[in-house]
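Welcome, and thanks for taking a look. Here is a short briefing to read alongside the sequence and the 3D view.

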Amino acid sequence: MGGRSQAMKHIPEINHCLPNAKAYWCSKCKAHNPYTYSTSETGDSHRDKIVLQKFGCSGCHGHMFHPAETTPWMYGLVAFTFLMIILSFYISDNPHVLSGGEFGDTDGLIYCMLGLGTFSGLIGGMMVFHMRKWVGWSWAQRLKSAAQLEEDSLNHPVQSQYEESEDFVLWAKQFLSPDEVNALKEKYGTQQED
Ligand SMILES: [Zn+2]
């Protein structure tokens with residue numbers, strides 16, 4: 001509803017319903033929607049400053065995720081979680097392996113490892129949750145014909161439109177070469193009306 005009367009600058013060059021593991025994807029909207037890139041900082045001193053990046057979906061404003069970049073982290077975190085669990089069981093069964101070492105307090109070490117394991121397990125689990133949605137969606141999309149994908153793109157509630165912004169260029173470069181992105185600018189950027 002609404003907005004349809006506006007001149008839509010739909011970009012046929014980029015189909016946001018075509019799976020691309022190297023592009024940010026929204027698991028809620030099920031598309032490679034355009035995003036707004038932003039950063040936020042935590043910590044006050046220069047040393048423990050952490051810059052958090054956010055790729056906010058233009059459809060639902062939620063975090064988008066990058067399948068190709070997430071995969072190694074997901075495996076790493078899940079493996080780390082299992083390692084922590086196995087190690088803490090091993091140490092609690094064999095406390096002598098650490099005796100005489102610098103770890104006087106085995107219980108403290110076990111709690112610490114279980115804490116780390118829980119933390120990595122939660123993040124890894126969230127990644128698995130999104131990844132399962134991605135795998136399901138991308139397989140379903142791959143079975144569709146080019147015409148069906150085109151239709152999906154046109155019927156999607158979020159439409160990719162040309163925009164004169166850094167975020168748009170960043171988004172478009174996920175799918176196109178820099179030259180092709182420049183071509184988009186020439187095609188859609190200068191003209192106001194069709
Ligand atoms: Zn979304």
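Is the crossing of H1 and H2 left-handed or right-handed? In this predicted model, H1 and H2 cross in a left-handed manner. The points below start with that helix pair and then turn to one glycine and to the nonpolar core.

**The H1 and H2 pair**
- Helix H1 spans residues 67-93, and its axis comes within 7 Å of the axis of H2.
- The two axes cross at roughly 150°, which makes H1 roughly antiparallel to H2, since angles over 145 degrees count as such.
- Sorted by class, the residues in the contact of H1 with H2 are 20 nonpolar, nine polar and no charged ones.

**Gly115**
- You will find Gly115 in helix H2, which covers residues 106-142.
- Gly115 is exposed because 12 other C-beta atoms lie within 10 Å, and a residue with 12 or fewer counts as exposed.
- Between the C-alpha atoms of Gly115 and Met84 there are 8.9 Å, although these residues sit 31 residues apart along the chain.

**The largest nonpolar core**
- This core is made of 17 residues, and Tyr24, Trp25, Cys26, Tyr35 and Met64 have the most contacts inside it.
- Strand E2 (50-57) and helix H4 (166-172) each contribute at least two of the core residues.
- H4 gives the largest share, with three residues.
- Leaving aside residues up to four places away in sequence, Cys26 touches Ala31, Asn33, Cys57, Gly59, Cys60, Gly62 and Met64.
- Met64, one of those partners of Cys26, is also among the core residues with the most contacts.

Definitions and conventions. Residues are numbered from 1 along each chain as its sequence is written. This is a predicted model: local features need pLDDT of at least 70, side-chain atom pairs count only at pLDDT 80 or more; totals for chains, interfaces and linings use all residues. Helices (H or I, at least four residues) and strands (E, at least two) are DSSP runs, numbered from the N terminus. A residue is buried if 20 or more other C-beta atoms lie within 10 Å of its own, exposed if 12 or fewer, and partly exposed in between; C-beta atoms are placed from the backbone. A nonpolar core is a set of buried Ala, Val, Leu, Ile, Met, Phe, Trp, Tyr and Cys residues joined through C-beta atoms within 7 Å. Two residues are in contact if their C-beta atoms, placed from the backbone, lie within 7 Å. Axes are lines fitted to C-alpha atoms, for helices over the stretch in contact, and angles run from 0 to 180 degrees between N-to-C directions. Angles under 35 degrees count as roughly parallel, over 145 as roughly antiparallel, 65 to 115 as roughly perpendicular and the rest as oblique. A crossing is left-handed if the near helix is turned anticlockwise from the far one by less than a right angle, and right-handed if clockwise. Ala, Val, Leu, Ile, Met, Phe, Trp, Tyr, Cys and Pro count as nonpolar, Asp, Glu, Lys and Arg as charged, and the others, Gly among them, as polar.
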